[in-house]
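Me: Hi! I'm new to this one, could you walk me through it?

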Amino acid sequence: MMNSCSVKTVRCFFIVLISHLLLMTNVCAQETITVTGTVRDSAGTAISGASIRVKDAANLGTTTNEQGRYVIDVLENAIFQVSYVGYLPREIFVNGATTLNITLQPEEGSLEEVVVVGFGVQRKISSIGAQSTVRPTELKTPVRNLSTVLAGRLSGIVGVQRSGEPGYDNANLWIRGRSSLGSSNPLVLVDGVERPMEDVDPEDIESFSILKDASATAVYGVRGANGVVLINTRKGKVQKTNVVIGYNEGATQLTKIPELVDAPMFMQLANEANTTRGRNPIYSENAIRQTRNGTDPDIYPNVNWNEALFNDFGRNRRLNINLTGGSERANFYVSGAYYSEVGLLKRDELENYDSRIGVDRYNFTSNVALQATGTTKVDVGVQGYILDGTYPGYGTNEIFSKSMETPPNLFPLVYSNGYLADLRGGNGYLMLTQSGYNSRTRNRVNSNIRVTQDFSFITSGLSAYGMFAFDYYNQNAALRRKNPDTYYATGRDEQGNLTFDQTRVGSNYLGFSRGELENNRRFYTEAAVNYNRSFGDHNVTGMILFNQSDYVDSQSGDLINSLPFRYRGIAGRTTYDYANRYLVELNFGYNGSENFLPSNRYGFFPSLGLGWVFSEEPFFESLKSAIPLGKIRFSRGTVGNADIGGRRFAYVATVGGGAGGYTFGEQYGNSIGGIDIDEYAVDVTWEKALKTNLGIDLNVLKGDLNVQFDLFHERREGSFLRRSAIPYYFGLYNNPYGNLGITENRGLDASMTYNGKLSQDFTVNIQGTVTFNRNKVIEDDLPPWNYPWRERKGQRIGQRFGLIAEGLFTSAEEIAGSATQIGNTMPGDIKYRDLNNDGLIDANDEAPIGYGSIPELVYGLRLGFSYKRFSFAAFFQGTGNVDIVTNGQGFTPFTQGVSSGNLLTAIEDRWTEDSPVSDPLYPRLTFGDENMNYRTSSWWIQDMSFLRLKTLDIGYTLNENFSKRLGLKNATVFFQGFNLLTFSKFDLWDVEIENGNGTTYPQLKTYSLGVQVNF
């Protein structure tokens, strides 16, 4: 009888034997197949010598030949392990496929890393063009509009956000500042097609770049002069399906709104303005006391109009779901997103309609890649959004303006008997809550299909593709407005009842009208042949491309603009580098616009780029460990701009202007009946921008620190202007256009990124950018001015002119001994410089004042670190050399007497006889325009430079074991803040608002909590 030990031994033997038999059976059941294919990088270059090993079969493998091809016999369920120096390794499931074309992604910082360029990608080390990129993760902020988060994050971007109104909060963007007397808007391309960026969901972005110099933008020809923004949406990956869900909920506040005085203070200041000029008080002490005590708010109201219009908090929320996965044969990226925002304007909860201000947006994206054959790839993409907005019956800026135009003691919000108060249409609260509502809808669908054919079987490195895109956009608005009866209380009768004048006979029923109707579509075709090959140390690429765009405005209001907008052209690029050391790049665009004469429609825009990677020189080998990469770049070329500001077919004259006939002569004393010529036919062409760029790229501290620095110069000729030198007595209805303007723009932009690992668990990320530009007008077709200080040539584009303030008058003797100023001038009034010494202050004494409302300097700084599962990042954005002229009702006291116009609390900083300070904000008070205090002058220039904590991100990734128990790969909870702090000399309203009294819906602060989970 066998003992227990023997039994266990035999049992184990049989288990092992059976297991081996089963394994052998399984192996014998699998079929051996021959797999062929290519290995390429993301730029399409064949990788020679790439290693392909079969997992769990150490002796089975192969390498790719010079064309990047391989052939190997394996089991049908084998797993490939593919690797090559400088690239991220990959595991590929064969899954019975007999053809597998494999793409390897380069490691960040390696010589093989690629960047997105015009019409393709290029190895980063061989790229010469000036461009900036940002990681898509940095664009994921708790706001709707992508354009509002760019300034300071990318060197070369100048951006300002003028409004925070939901749905209308686009930022104004310039690449390297304003450089033209005409349009300076950059070309924005999403997946290679001209599309707006504002409603692109950041979760869907794979890469974001801007192209700045001629070497980078010449391929766009007449569309490239103002720079190019390139956005590529996310694509599928060869992996098991990965599901990511993110949700965040936030509270919003206005960053800063003007603070207004109360009614008693307003009345006292009105008295001061009158009595300080030797006149009687306007308001009695009894009226001021009654107003302060609030004993009869119907007759003596005391309204803070901003508090009446705005809530303390609004809210926003975002939900995003995306799926990524697939095989080498077919992979996909699919996402859906929802964004909702409720603004801070108040509504009347008793009304049976919703007049709140807010938007709801629904995004969708689907990108699918199919390997149709061993050499043919098909990419199909569909993206779009639906945006529904709700607004008051009147525009928000109009409502906001009323708060600055209506004195706090004019009338209450609503009278105690329920009557709606108004006088001359000045009740902003009524316009906000009792005027109905406006529903606005926008929707866009973008679609594109791209077919790429590999022709390596003809010659290695040869490929071609064709792309077709169709985009559709629709916008409409339904305005349901009402204007109810309004009244103004004139007093009380003997019984104490209010007596009224009816100021408007209106209607309490909602009407209906349409507005903002827009419908357009775009057809875009692109086809290109690419060549990318290496011959030892010689690397050569080439591209020739054709493209055409047709844009149709279906809701155009006239014949000319109803015709399709078209551009067509070809572009080419060739690059050569020797041993990753000496670089040459030639680019050109040859295209045109229908705006110009057929004989002068097309233009040629070439560029040359040269580069030297000095870190690859043999003599640099000893420094390579400290400076892994050092490259000098130079480019020079011509780019165009065909945007002539709405004038189409400039070579065709139009009639219809001057319905009263043609009037001319020095005193307009001659007249001929009939219809005048509206626009004269002119032989104009595109603007030409000659751009020069010198840059250096450095990678130091063993690759942890990357620095990019560029100096640039641009001369823009042929800007579209109406001829100003034509004398007025010619009597032209519109002066004809011409290529008349010449400008110059120069500056620098730089970026610095440090990624350091201080310990196994602690990493640091520091990023900084700076952009500075200064432009100058060389020619503007204006006749010479009578004095050199009035000359516009040599000044900044859009330079502001005004009087030069020299302080405040201190005595009657100083006034008598100074140049004559119009009006009642007294001590405490502004003293102006008499530039022409004629003894009179007038328009001849106006000179350049201030920088302008577009900043010359923009910078950003991101400070971040991560420790184990905790992460922190703060991004600061700043501007410099930027200002505005303060003016208008609300800021300027009593410009319309006391019947119109509010007052800021900043009025406390003023000159008075009791406190004759030398540098107050306000001079001696006055009414209306009775002297020159409120003329445009350097006194009213306000420095709008600022440093803003733009974003704050704090995150914590949950423990892996805990996440797995919940069925998750990982999960992160986070806090995001936006516009949390602003540091500026200016504190009257939001620093990015451009108008002179702050009457624009300001930007928002956002405090958001969220979670992102990965399945």
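Reply: Happy to! One definition to start: two strands pair if DSSP finds at least two bridges between them. Helices (H or I, at least four residues) and strands (E, at least two) are DSSP runs, numbered from the N terminus.

Me: Good. And what should I know about the model?

Reply: This is a predicted model, where local features need pLDDT of at least 70, side-chain atom pairs count only at pLDDT 80 or more, and totals for chains, interfaces and linings use all residues. Residues are numbered from 1 along each chain as its sequence is written, and side-chain values use heavy atoms, with hydrogens and water left out.

Me: In what order do the five strands of the open sheet run?

Reply: The order is 10-15-16-13-14, and the pairing in this open sheet is mixed. Strand 10 (131-134) and strand 14 are at the edges with a single partner strand each, so one side of each has no neighbour in the sheet.

Me: How does strand 13 pair with strand 16?

Reply: Strand 13 pairs with strand 16 (residues 228-233) in the parallel sense, over four bridges. Leu 187 has Val 228 of strand 16 as its bridge partner, and Val 190 has Ile 231 of strand 16.

Me: And what about strand 13 and strand 14?

Reply: Those two pair in the antiparallel sense over two bridges. They form a hairpin with two residues between them, and Asp 191 in the turn has a positive phi of about 55°. Val 190 has Val 193 as its bridge partner in strand 14.

Me: Which residues cover the two faces of strand 13?

Reply: In strand 13 (residues 187-190), Leu 187 and Leu 189 lie on one side, Val 188 and Val 190 on the other, and all are buried. Buried means under 20% relative accessible area, exposed over 50%, and partly exposed in between (1.4 Å probe, protein chains only).

Me: New topic: what is the order of the open sheet of three strands?

Reply: The order there is 4-1-7, with mixed pairing. Strand 4 (69-75) and strand 7 (102-104) are the edge strands, each pairing on one side only. From one strand to the next, the twist averages 35°. Strand 1 (residues 32-41) pairs with strand 4 in the antiparallel sense over seven bridges, and Thr 34 has Asp 73 in strand 4 as its bridge partner.

Me: Now helices. At what angle do helix 3 and helix 4 cross?

Reply: The axes of helix 3 (residues 263-275) and helix 4 (residues 285-293) cross at roughly 160° and come within 8 Å. Axes are lines fitted to C-alpha atoms, for helices over the stretch in contact, and angles run from 0 to 180 degrees between N-to-C directions. The two helices are therefore roughly antiparallel to each other (angles under 35 degrees count as roughly parallel, over 145 as roughly antiparallel, 65 to 115 as roughly perpendicular and the rest as oblique).

Me: Which residues of helix 3 and helix 4 make the contact?

Reply: Helix 3 brings Ala 263, Pro 264, Met 267, Gln 268 and Asn 271, and helix 4 brings Ala 287, Ile 288, Thr 291 and Arg 292. Contact means heavy atoms within 4.5 Å.

Me: Last one: where does Phe 119 lie?

Reply: Phe 119 lies in the loop between strand 8 (114-117) and strand 9 (120-123). Its phi is near 60°, a positive value in a residue other than glycine. Phe 119 is buried, at a relative accessible area of 12%.
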